[in-house]
Amino acid sequence: MTPFPSLAAPLKLGQVTLANRIVSAPMERNYCTPDGVLTDAYIGYLEERAAGGAALVFSEAAYVRADGKGRVRQMGLTEDRHIPGMAALAETIHRHGSRAGVELNHGGRTVQSKVSGTPPVAPSAVPCLPAGGDMPTVLGSQDVHDLVDAYGAAARRCREAGVDVLSIHAAHGYLVHQFLSPLTNLRTDEFADPTRFLDLVVQAVRQAAPDLCVGIRISAFEGVPDGLDAARTLQLIGSARLDLLDFIDVSAGNYEAAEWMVQPGEQPPGVLAPSAEPYRSFGLPVGVAGRIAVPRTAEAVIAGGQADFVSMARALHADPRWPNRVLAGEPFRPCIACNLCIDRLHSGAPVPCTVNPEAGTPSTRRAAASHAPPPGRSLVIVGAGPAGLEMARRVAGRGVRVHILEQEDRAGGELALAARLHCFPRYQAILDWYTDEMDRLGVVLHTGTRADHDVVTALRPSALVIATGGRVHAADVEGTDLPHVIEVREWLRRGDAPPERCTVWGFDRAAMAVADHLAVHGCEVQIVGAGTTLAPEAGPRARNPSAARLRGNPKVSIHLGYRVRAIRNDHLVVDGPDGRTTIPTRGPVIASHGVKPAAPGIGPVERLGIPVHLTGGAAGYGSSMHDALQHAVSTAADLLQTPR
């Protein structure tokens, strides 16, 4: 019997019955060709979600007309040549007992002409600055009716391809949402009525696909001043043609409030469920997204009557087998809500995942990793950070006996330190999962153990892997040896209580995260760094919540463009935009300047007479957890194929 009976219950959506309440939500992935055709990689990716137990598997938001294309490799529905790929996708999803869904969309003012090849179009001349700021061409009345026809034509193509469910994207600041919002609909013609365009689109889609399940995705609120709030949105949707719809799927936000579209980890689980509940009064099944990544949250949302199904994207990106595992009461790989997937979307490359190295990677590498090693193989891994733990998981799963030597008293490396910070509340979840995986696979973890020559030799490994991360990059600045100067990782290891005042010296992501953590706990913080922006190595979705909090906190001062030349007891000597000056300091100076590769000294490795591999930060791939895990997977594949 499943431990989550409400989540496991079937659900009727129009003429479609879902096997459970878990929906693989629309999520762009950059897996299509530049002309919008589905690839084998795209179909394979969604097949994993269907095989993993999601009852309904959506494609990404697909553009219905060429001037609505928002990404270079976005899925298209503009021509009949897109039908065969969709048909192959639908057939593949059906093979696993799931239903196939497609989300119909037009980007409107969020489109960039350099991507679509045409100027963006919109209800009114209101550019979308976060998307690039192209000034949109105002749609004429006939143009609007032509777009309605485009939605209908796209629905017809989906029906011919054997798709089961269509969702009209009326959220996130895209075209339908632009007509709904007073910020972007400044018209005086018939389409000044906020729901007029939505109603026509719903009618066109229903007419083109009368036997399909049809619903809409909405933003419960925009999250920006003078935009649609929850009450007005509920009123508008209640006045729309709900009689032609089979469900309402609730999200939030727009491009100017992107933190509501894809919430950071510090938002509470199920944050949008209270916003979804009022829509159940309309008598249609209601879905909800928003920080639903653990089963107790999903079960509570359904059992508590806040929604009828949960729409999950990032959680299934992290573990496509989440539904089957959860319903069977088995452990799953957790999403840590780091938003790497969303930040990498703009690159045009296949969207990766920090904790799931398989996402966005070629199937050839996966095949290589499946090779079984010769019997009797054993391995010693030095370092129990993310790279070492992933390496151990990979090879132990293929029958290799693994010992991990970790000099600290706990596993996790720098990730365990980061997990203590306010802006990374989900990091501990992945460490707990790795710990459980080590137990499940029989990996022996030796904490508090230095990897000297004698210790390694006594374990008689067939190969040795160095996964020790990097060495702190020490700045060549006078005064770094003063007692009030401490490196950020050492400060985190000590676990000191936040001081009343401090200076964070550095501008990388670690510096920003520590400064944010201290400020949240009431510390008066000043940040001093040579760069021009905080955390330049992080994407906007990962950077913006902390950066915005810091800039809005009156107890925080930020000095960027200042290079520290010397540290004194009560001030810094710096070179800034106006030349040399000083910045007073009170309390500790916490330094954050990154790490560089560094293998440990374990004696002459050539005397061991075994292969030695470096992985993760020790091999120069430690700039992020994603990079470290990717390199660990490659190293594991190489090792499994190496003769004993």
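Reader: How many Å separate the centres of domain 1 and domain 2?

Author: The centres, taken over C-alpha atoms, are 39 Å apart. The protein is divided into domain 1 (6-365), domain 2 (378-472 + 596-641) and domain 3 (485-593), with bounds that come from an automatic or database domain assignment. This is a predicted model, in which local features need pLDDT of at least 70 and side-chain atom pairs count only at pLDDT 80 or more, while totals for chains, interfaces and linings use all residues. Residues are numbered from 1 along each chain as its sequence is written, and side-chain values use heavy atoms, with hydrogens and water left out.

Reader: What area is buried between domain 1 and domain 2?

Author: The size of an interface is often given as the accessible area lost when the parts come together. Buried area is the accessible area (1.4 Å probe) that two parts lose on being put together, summed over both. For domain 1 and domain 2 it is about 1700 Å², and carbon and sulfur atoms give 59% of it. In terms of contact (heavy atoms within 4.5 Å), 20 residues of domain 1 meet 18 residues of domain 2.

Reader: How many salt bridges and how many residue pairs in polar contact does the rule find across this interface?

Author: A salt bridge requires a side-chain nitrogen of Lys or Arg within 4 Å of a carboxyl oxygen of Asp or Glu. A polar contact is a pair of N or O atoms within 3.5 Å; within protein, one must be able to donate a hydrogen and the other to accept it, and residues adjacent in sequence count only if both atoms are side-chain atoms. The rule finds one salt bridge across the interface of domain 1 and domain 2, and four residue pairs in polar contact, both residues at pLDDT 80 or more. By class, the side of domain 1 that touches domain 2 has 11 nonpolar, three polar and six charged residues. Here Ala, Val, Leu, Ile, Met, Phe, Trp, Tyr, Cys and Pro count as nonpolar, Asp, Glu, Lys and Arg as charged, and the others, Gly among them, as polar.

Reader: Which salt bridge does Arg394 make, and at what N to O distance?

Author: The side chain of Arg394 meets that of Glu358 at 2.7 Å, N to O.

Reader: Where in the chain are Glu437 and Arg440, and how are they separated?

Author: Helices (H or I, at least four residues) and strands (E, at least two) are DSSP runs, numbered from the N terminus. Glu437 and Arg440 both belong to helix α18 (residues 427-441), and because they are three residues apart, about one helical turn separates them. Their side chains form a salt bridge of 2.9 Å, N to O. Burial is read from relative accessible area: buried means under 20%, exposed over 50%, and partly exposed in between (1.4 Å probe, protein chains only). Glu437 is buried at 6%, whereas Arg440 is exposed at 57%. Salt bridges that share partners join Glu358, Glu390, Arg393, Arg394, Glu437 and Arg440 into one network.

Reader: How many salt bridges does the structure hold, and which parts does the pair of Arg206 and Asp246 tie together?

Author: The structure holds 37 salt bridges. In one of them, the closest N and O atoms of Arg206 and Asp246 are 2.8 Å apart. Arg206 lies in helix α7 and Asp246 in the loop between α8 and β10 (247-251), so this pair ties together parts 40 residues apart in sequence. Arg206 is buried at 15% relative accessibility, and Asp246 is buried at 15%.

Reader: Is Asp249, which meets Arg217 in a salt bridge, buried or exposed?

Author: Asp249 is buried, with a relative accessible area of 2%, and Arg217 is buried at 6%. Their salt bridge spans 3.3 Å, N to O.

Reader: Which side chains are in polar contact with that of Asp67?

Author: Among them are Arg65, at 2.8 Å, and His106, also at 2.8 Å. Asp67 lies in the loop between β4 (56-63) and α3 (83-95) and is buried, with a relative accessible area of 12%. Not counting residues up to four places away in sequence, Asp67 touches His106, Val111, Ser116, Thr118, Pro119 and Val121.
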